[in-house]
Amino acid sequence: MVYIILGTGFEEAEALIPYDLLRRAGIEVRLAGIGSGCITGGHGICVSADCTVEEMGTAQAEMIVLPGGLGGVASIRGSAAALAAVRTLYRDGKYVAAICAAPTILAELGITEGRSATCYPGMEQEMGGAKMLPQNVVTDGRIITGRAAGAAFDFALALICALRGQAAAEKTAAGIVYRQEG
């Protein structure tokens, strides 16, 4: 099970692209909302959460994902239940993933200290002792960070690769006719 945390003002692409691709890869994923069942993203799109953060079952979780969006990041920071879930999964050796501004939450919790990471350009000074890399996605052990909304597909495929392997990520990418330019 993967939980994606939604707080008011979350970046829709950073939550919904991973949600969609994880489902296409056959991975069980749930949107966990902070507050009401309908969470409004930073661009006014209202998304129905599958559960609240308080209802998440961290014992069966393989991964927790934190989308960015400054409002969503502030919502996560203000949720004791969301922060406790991140700490618990990290402590239990599960995957912890964050994209855009959300890696700063991992830095505040000490999770990225001394680890390689990426975040939204210009927020690097909020990443503490993380080793910052100018890449779309950085995987360091069980910590996966993404740069911004433009990296949402790469980020989602990295999540799939971590959970189910490179072949599953490649199959999902082929199914949506995705290929990296370069």
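Ile144 is buried, as its relative accessible area is 0%; buried means under 20% relative accessible area, with a 1.4 Å probe and protein chains only. The model is predicted, so local features need pLDDT of at least 70 and side-chain atom pairs count only at pLDDT 80 or more, while totals for chains, interfaces and linings use all residues. Residues are numbered from 1 along each chain as its sequence is written, and side-chain values use heavy atoms, with hydrogens and water left out.

Ile144 belongs to strand β11 (residues 143–146); strands (E, at least two residues) and helices (H or I, at least four) are DSSP runs, numbered from the N terminus. Setting aside residues up to four places away in sequence, Ile144 touches, among others, Met63, Tyr95, Val137, Phe155, Ala158 and Leu159, where contact means heavy atoms within 4.5 Å.

Ile144 is also one of the residues with the most contacts inside the largest nonpolar core, which has 34 residues. Such a core is a set of buried Ala, Val, Leu, Ile, Met, Phe, Trp, Tyr and Cys residues joined through side-chain atoms within 4.5 Å. Elements that each supply at least two residues of this core include β1 (2–6), α1 (12–24) and α6 (166–175). Helix α5 gives the most, with eight residues. In soluble globular proteins, nonpolar side chains tend to be buried together.

Helix α5 (residues 152–164) has 13 residues. Its buried residues include Phe155, Ala158 and Leu159. After α5 comes Gly165, whose phi is positive, near 100°.

Definitions and conventions: Expected span 1.5 Å × (residues − 1). Buried < 20%, exposed > 50% of the residue type's maximum accessible area, 1.4 Å probe, protein only.
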